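Here is a short briefing on one structure. Start with the sequence and the model, then read the points below.

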Amino acid sequence: MATARPAPHTAVRGAPVSGVRLQGVDVARALALLGMMATHVGGIADQVDWSDPSTWTAIAHGRSSSLFAVLAGVSIGLTSGRTAPPGPPAIGRIRARLAVRAVVVVAIGLLLMALQTPVYVILPTYGALFVLAIPVLRLRARWLLVLAATCAVASPVVALAIVPLYADAGMWEVQLGLVYPVVTFLAYVLVGLAVARTGLEERGAQVVLLASGAVVALAAYLVGNALAPVPVDAAFAFPGVPYAGEGSTPAEAFAQLFLSPRDHSSSVVDVVGTAGVAVAVIALCTLVFDGRGRSAARIAFPLAAVGSMPLTVYAGHLVVLAVLPVSPDSGAAWGWFAAGSVLFAMLWRRFVGRGPLEQLTARLTRLVPDAPAR
């Protein structure tokens, strides 16, 4: 059987053709998936200490899930017209299909939570973000970034404000809005949607996005580390929740709330820094792998195959974790998970095509009818 060629994405019949699939986006999505696996089973360090290379693996914390969320926004943008989202009635069908997709993702997430693995499942929040993106599909990139900045500023306040709601929560409940705060992650989705609206296929746009993402991330982390260094007792901090540390003064607590560079702190610096990293990674991957010919496509294929079926790979690694007698926690375990994911995705993509959960989602979204033929 011949290798399935990427087909043009058309959100709905009669809507503008969205263009060929971007391999670089799939590669970036694979990096996000493998990074999240590392945080689940890789035995990586808790915090980065740039003077100690053995801790550098900790960059996967926070940045993998934020990259995954920014890519959610990119995916929404690519399947809703890229730089030119359509008007009525096509946009209505796109919104309806996105709502169906959200329900499917939430349902899969809840089933994965029922497996009771020692992993905070991101998919229910992911599905909620799809719903929140529906009203803003036709906004221009600059207004999407304004909304993203507003979410980033509100992020630490909202994250801290909802903590009392989870006072008696267990593992199940904290996965629904606490570990992955909706306002925080909405900022990532809006940034990704803005990226797609700028013309991610254009070489010039890729260079600008790479440079701007890197500069924004560097500036954010320099400011955060200078004004609100991570407390020595940050190991006691809960993911997604701001943390000031034992014995902090009011000024120090205020700085930690808004400027902490700690991963999963929901601070403005955390959101801006991780979003900048995500944009830079996406731009770099598209710059390297898209429009570079067959050689680049062959090199990209193993990771692009993983990134083309994110629901399947994400769910699959949690199912494997659920059936293992003990939860692994080592770099070797991550290596097996990564190799298994790449091998499965390559074979499935080569001989079948779209991932099984992606195929299911596509069939359900097609329940929203196309425009009648004229």
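Val306 lies in helix α11, which covers residues 294–307. The model is a predicted one. Val306 is buried, and its relative accessible area is 0%.

**Around Val306**
- Beyond its neighbours within four places in sequence, Val306 is in contact with Ala30, Leu33, Val313, Ser341, Val342 and Ala345.
- Trp348 is 42 residues from Val306 in sequence. In space, the C-alpha atoms of Val306 and Trp348 are 9.7 Å apart.

**Helix α1**
- Helix α1 takes in residues 23–41.
- The 19 residues of α1 should span 27 Å at 1.5 Å a residue. The end C-alpha atoms of α1 are 27 Å apart, which agrees.
- Of the 19 residues of α1, 17 are buried, so this helix is largely enclosed by the rest of the structure.
- Gly43 follows α1 and has a positive phi, near 60 degrees.

**Helix α12**
- Helix α12 runs over residues 310–323 and has 14 residues.
- From its first C-alpha to its last, α12 reaches 20 Å. That is close to the 20 Å expected at 1.5 Å a residue.
- The buried residues of α12 include Pro310, Leu311, Thr312, Val313 and Tyr314. Ala315, His317, Leu318 and Leu321 of α12 are buried too.

**How α1 meets α12**
- The axes of α1 and α12 come within 10 Å and cross at roughly 15 degrees.
- Angles under 35 degrees count as roughly parallel, so α1 is roughly parallel to α12.
- The crossing of α1 and α12 is right-handed.
- On the α1 side, the contact is made by Arg29, Leu33, Met36, Met37, His40 and Val41.
- On the α12 side, Pro310, Val313, Tyr314, His317 and Leu321 make the contact.
- The residues of this contact between α1 and α12 divide into 8 nonpolar, 2 polar and 1 charged.
- Leu33 of α1 and Val313 of α12 belong to this contact, and both are among the residues in contact with Val306.

- Val48 has its place in the loop between α1 and α2, the latter being residues 60–78.
- Val48 is partly exposed, with a relative accessible area of 23%.
- Leaving aside neighbours within four places in sequence, Val48 is in contact with Thr55, Trp56, Ala58 and Ile59.
- Pro325 and Val48 are 277 residues apart in sequence. Their C-alpha atoms are 31 Å apart in space.

Key:
Residues numbered from 1 in each chain as written. Predicted model: local features only at pLDDT ≥ 70, side-chain atom pairs only at ≥ 80, totals over all residues. Heavy atoms only, no water. Helix = DSSP H or I, 4+ residues; strand = E, 2+ residues; numbered from the N terminus. Expected span 1.5 Å × (residues − 1). Buried < 20%, exposed > 50% of the residue type's maximum accessible area, 1.4 Å probe, protein only. Axes fitted to C-alpha atoms, helices over the stretch in contact; angles between N-to-C directions. Parallel < 35°, antiparallel > 145°, perpendicular 65-115°, else oblique. Left-handed = near helix turned anticlockwise from the far one by under 90°. Contact = heavy atoms within 4.5 Å. Nonpolar A, V, L, I, M, F, W, Y, C, P; charged D, E, K, R; others polar.
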